[in-house]
2 protein chains.
Amino acid sequence: MQSFAQLAAQFNQFFEREHFPTSPASLYDPNRYFLQLGGKRIRPVLCLMGNELFSSIHSTTWEAATAIELFHNFTLIHDDIMDKAPLRRGLQTVHEKYGNNTALLAGDVMMIKAYAYLSKVPEASLSSILSLFNKTAIEVCEGQQLDMDFEQQAQVSFGAYLQMIEKKTSVLLAASLMIGAILGGAGERNQQLLYSFGLKLGLAFQVQDDYLDAFGDPSKFGKQVGGDVLADKKTFLLIHALDTADADAKERLLYWQGRQDTHKVAEVLSIYKSCHVDEWALQLKQQFLEQALADLDQIAVVSSRKIPLQSLADYLIQRQV
Amino acid sequence: MQSFAQLAAQFNQFFEREHFPTSPASLYDPNRYFLQLGGKRIRPVLCLMGNELFSSIHSTTWEAATAIELFHNFTLIHDDIMDKAPLRRGLQTVHEKYGNNTALLAGDVMMIKAYAYLSKVPEASLSSILSLFNKTAIEVCEGQQLDMDFEQQAQVSFGAYLQMIEKKTSVLLAASLMIGAILGGAGERNQQLLYSFGLKLGLAFQVQDDYLDAFGDPSKFGKQVGGDVLADKKTFLLIHALDTADADAKERLLYWQGRQDTHKVAEVLSIYKSCHVDEWALQLKQQFLEQALADLDQIAVVSSRKIPLQSLADYLIQRQV
């Protein structure tokens, strides 16, 4: 039984290998460039942890974890094109450095390579893992499309936002755990419980992310506080504020949408506070976290095996709040 | 044993089904739009023919054929973005109609859906079919990248162009046949021979395509004669002409690159003729066709089963020359 940090160190070592041939360099240099930008590698480590919850890590779980990380990087390369994002992790995005066409194709080949790694799992599990991966990949695309659609809408319902976040973020975390569980020999009920744990954990994480953007400690939070507010991003906070604010507060919230002004962040945060959005968000996060831990609790393995996942949940969700 | 036309009619019926859910319509309407633009469905029918060369068509070969056609359509959607093509089959391309972001994502989801169909083949064949499909898909991306790279180069060698065409066009034809062969229970040597048949047939087809663009009968050839010349496209003809022309003819050829003038097509074609590029191209096509048919000939099944593929090769390659 190993902690997230221990498995992350091992995964990083495994992942350092050369994933792409040298030629054509015009196609594969962009992929190499993007992968060396790094990342927290949460999803592949979840896959390893999902396996280790049930049994010692199968040799091909490393390959499946690699597939998941490559798939995640494919989504980032294409999302950056769609968002016209100039930077990722402080460095140039692929399309910014190599042009849109090459970034598009580099993303495509990254995704296919993900399938190539996934194909290395044992034949007995291939069909079920592939089905889960396909379903998840389609949902991730749907989530990205919904996210783009929401940018064009004045108001988005809580339910619709939740569904978007679930697809864009949570399902891949959940599937990472479940693929690990399948490779670890888990029974179907245990697989489903672990999937559900990942889904709820992802939602809790997103609520926290939205919360920290508005109310985080600037000295601890990596990003600019109020960034979502400035960008008029739909977040759990904005959606709940619009849902619950009185007519006057709602009018002021809508007034600030699309406006840029030095007072904007302070004004919007003060409306959030007047609607108690901050307390509500902490409660919502806690609720998702408890649901996640309840699912984990029900999984039929000795409780000591669950400690790394419980610690990870605590670490991810409690951080800096 | 059925002809290409018979199998195409059946495949079109099978393929008419709804491949995508209705929601989010912003993502799936573009996919539906693109598929109803039609196409000759050569690749999926090759898959069916590859199966029928060895045994009656397996129920899941229809799914594999669908996967191949969806994959091909994914490449068209993304290629159209990269080429900034306004039209496909006389109608708006996906990015032209729905915007670049949606076209990018619609292509992504089309590719994932291809994998979803492919996953339906029997478990015993899944691993080998998936490996072949992944290898092929990566090569198709590499071919597209090489094609884009060549646009920036003044001169391209015959070998490099051949490799590009093989990857961009031939390998998917070859893999379509081979996937069908695997599902039809072919042995490994027969699979490889059929793959090689497809590869050579694809090359013969491309030589013919390049030839017809320059020397085809305008009344029979669907496209504008000289289109490749006007667009300065690297073709078998241009590459061979640059390789074999004397200093004066080569200088004139290079002079016309990048120039637009009403005399351009006539001038370039006259240089081609002076270098006997037309006769050379017909010989090259014949050579690839004979190599293809020699591979088919060696496949260990009764010769009557080979008739539909022989007829198809004759039909594809002899047309309108």
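This is a short chat about the predicted model shown above.

Q: Before we start, how are the residues and chains labelled?
A: Residues count from 1 along each chain as its sequence is written, while chains are lettered from A and ligands numbered from 1 in the order in which they are written.

Q: Good. What is chain A built from?
A: Chain A has 15 helices and two strands. Here helices (H or I, at least four residues) and strands (E, at least two) are DSSP runs, numbered from the N terminus. The radius of gyration of chain A is 20 Å, close to the 20 Å from the globule rule for 321 residues, so chain A is as compact as a globular protein of that length. That radius is taken over C-alpha atoms, and the rule is 2.2 Å times the number of residues to the power 0.38.

Q: What box do its C-alpha atoms fill?
A: Roughly 60 × 50 × 35 Å, taken along the principal axes.

Q: And how much of chain A is buried?
A: Buried residues make up 47% of the 321 residues in chain A. A residue is buried if 20 or more other C-beta atoms lie within 10 Å of its own, exposed if 12 or fewer, and partly exposed in between, with C-beta atoms placed from the backbone.

Q: Let's move to the two chains. How many residues are in contact between them?
A: On chain B, 31 residues are in contact with 32 residues of chain A. Contact here means that the C-beta atoms of two residues, placed from the backbone, lie within 7 Å.

Q: Which elements of chain B give residues to that side?
A: Those giving two or more residues are α2 (25-35), α4 (61-83), α6 (100-118) and α7 (123-151) of chain B. The most comes from α7(B), with 15 residues.

Q: What sort of residues are they, by class?
A: The side of chain B that touches chain A has 18 nonpolar, nine polar and four charged residues. For these classes, Ala, Val, Leu, Ile, Met, Phe, Trp, Tyr, Cys and Pro count as nonpolar, Asp, Glu, Lys and Arg as charged, and the others, Gly among them, as polar.

Q: What rotation superposes chain B on chain A?
A: One of 180 degrees with 0.0 Å of shift along its axis, at an RMSD of 0.0 Å. That is the relation of a two-fold axis. The same surface serves both copies, as 100% of the contact residues of chain B recur in chain A. The superposition is by least squares on the C-alpha atoms of residues with pLDDT of at least 70 in both copies.

Q: I'm curious about A:Tyr115. Where is it found, and is it buried or exposed?
A: A:Tyr115 is in helix α6 (residues 100-118) of chain A. A:Tyr115 is buried, because 25 other C-beta atoms lie within 10 Å.

Q: What does A:Tyr115 touch?
A: Leaving out residues up to four places away in sequence, A:Tyr115 touches B:Tyr115 and B:Asn134.

Q: New topic: which peptide bond is cis in chain A?
A: The one from A:Ser23 to A:Pro24 is cis, with omega near 0 degrees. A:Pro24 lies in the loop between α1 (4-15) and α2 (25-35) of chain A. In chain B, a cis bond joins B:Ser23 and B:Pro24, with omega about -5 degrees.

Q: What is the phi of A:Asp232?
A: A:Asp232 has a positive phi of about 55 degrees although it is not a glycine. A:Asp232 sits in the loop between α10 (227-230) and α11 (236-244) of chain A, and counts as partly exposed because it has 16 C-beta neighbours inside 10 Å.

Q: Last one: how do α9(A) and α15(A) pack?
A: Helix α9 (residues 188-215) and helix α15 (residues 307-318) of chain A pack at an angle of about 20 degrees, with their axes 9 Å apart. They are therefore roughly parallel to each other. Angles under 35 degrees count as roughly parallel, over 145 as roughly antiparallel, 65 to 115 as roughly perpendicular and the rest as oblique. Axes are lines fitted to C-alpha atoms, for helices over the stretch in contact, and angles run from 0 to 180 degrees between N-to-C directions.

Methods. Predicted model: local features only at pLDDT ≥ 70, side-chain atom pairs only at ≥ 80, totals over all residues.
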